[in-house]
Amino acid sequence: MVNKSNPGALGVLVLGTGGTIAGRAASAADNVGYTAGEVGVDVLLQGLDPPPGLPVWAEQVAQLDSKDMDFEVWQALAARCAEALARDDVGGLVITHGTDTLEETAFFLQSVLSPVKPVVLTCAMRPASALVPDGPQNLRDAISLAAWPGATGVTVVCAGAVHRSLDVQKVHTYRLDAFDSGDAGPLGYMEEGALRALRAWPEPQGASAARLDAVIATEPFAWPRVEILTSHAGAQGLLIDALVQARRSGGAHAVDGLVLAATGNGTLHHTIETAALRAQAAGIAVLRATRCAQGRIVGTSGAAIRDAGALTPVKARVALILELLVARAH
């Protein structure tokens, strides 16, 4: 526990998973040649001075570079979050995470947990060893938000901005404010430990017991395999046909679903669309998501391939995995 005062107060549990925020380089001047997931979450919390009277605990769930995020870590994280959220002494959770797949984990946790209590993911674009690391401020902001009255659901805090899990995307490779919420905009900003809300906080959703049960019960190697393919100029359907053939051959790693990163308002190159329809007829679930950074697919009636609405391709993949997982469990 970082802050032991006021033991009767609701506390914040910080779960560490690694990432740049826990990275270390040989030189303080090196912001890119570091190794992620080197510093323990207990160390990250040292000297942060959480809000007075707020109990803060820390646990290490994983220690990895988030580009290597996998189903096993997602499963462990979902289970630990569910256990912690059920505790009467926990008012909110913070998860330290790498930036590369943060938006996927945030959307996954919201889809599985739909928590009434706040679950705040935070990160860093510079390693802990940097001359001026951004992780400490991001972490302190996240703890403050997790204890903020009225905060609910899964959100992301980075560079002072608060993003909803449904909207957030990593949009920059290097800048400290690497995340954006598209045309929805951020929920608000953290300023000196206080939330300045820009719009009404989304209403709490009911728990998704079926999804959580399916996630916890399924071995990581048995999760549905869903791939993302992009429609582009000169595209061909050869990869899709190869995946269909592999499925018909009954291979151990046969694909269960496809997300097509479509152009514009969900349009597909005609060869991709034709191959995707063959895949759909062969029993592969197919979903269209737009490549565009902003906007949503405005659907049309009678579309041969369903669309993912406002979801990005990576979030559409998570949604399809969970859909197939629940269907399989029933």
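Q: Which handedness does the β-α-β unit made by β4, helix α4 and β5 have?
A: In this predicted model, strand β4 covers residues 118-122 and helix α4 covers residues 135-146. Strands β4 and β5 pair in the parallel sense over 5 bridges, and Val119 has Val154 in β5 as its bridge partner. Together with helix α4, these two strands make a β-α-β unit that is left-handed.

Q: Is strand β5 largely enclosed or open, and how many of its residues are buried?
A: On one side of β5 lie Gly153, Thr155 and Val157, and on the other lie Val154, Val156 and Cys158, and both faces are covered. Strand β5 is therefore largely enclosed by the rest of the structure, the number of its buried residues being 6 of 6.

Q: Which residue in the turn between β5 and β6 has a positive phi?
A: Strand β5 pairs with β6 (residues 161-164) in the antiparallel sense over 4 bridges, and Cys158 has Ala161 in β6 as its bridge partner. The two strands form a hairpin with 2 residues between them, and the turn residue with a positive phi, of about 55°, is Ala159.

Q: How many residues apart in sequence are the parts that Arg328 and Asp256 tie together?
A: Side chains of opposite charge can pair when their charged atoms come close. Arg328 and Asp256 form a salt bridge, with their closest N and O atoms 3.8 Å apart. Because Arg328 lies in helix α8 and Asp256 in the loop between α6 and β12, the pair ties together parts whose separation in sequence is 72 residues.

Note on methods. Residues numbered from 1 in each chain as written. Predicted model: local features only at pLDDT ≥ 70, side-chain atom pairs only at ≥ 80, totals over all residues. Heavy atoms only, no water. Buried < 20%, exposed > 50% of the residue type's maximum accessible area, 1.4 Å probe, protein only. Pairing = 2+ DSSP bridges. Right-handed = clockwise from strand over helix to strand, strands pointing away. Salt bridge = Lys/Arg side-chain N within 4 Å of Asp/Glu carboxyl O.
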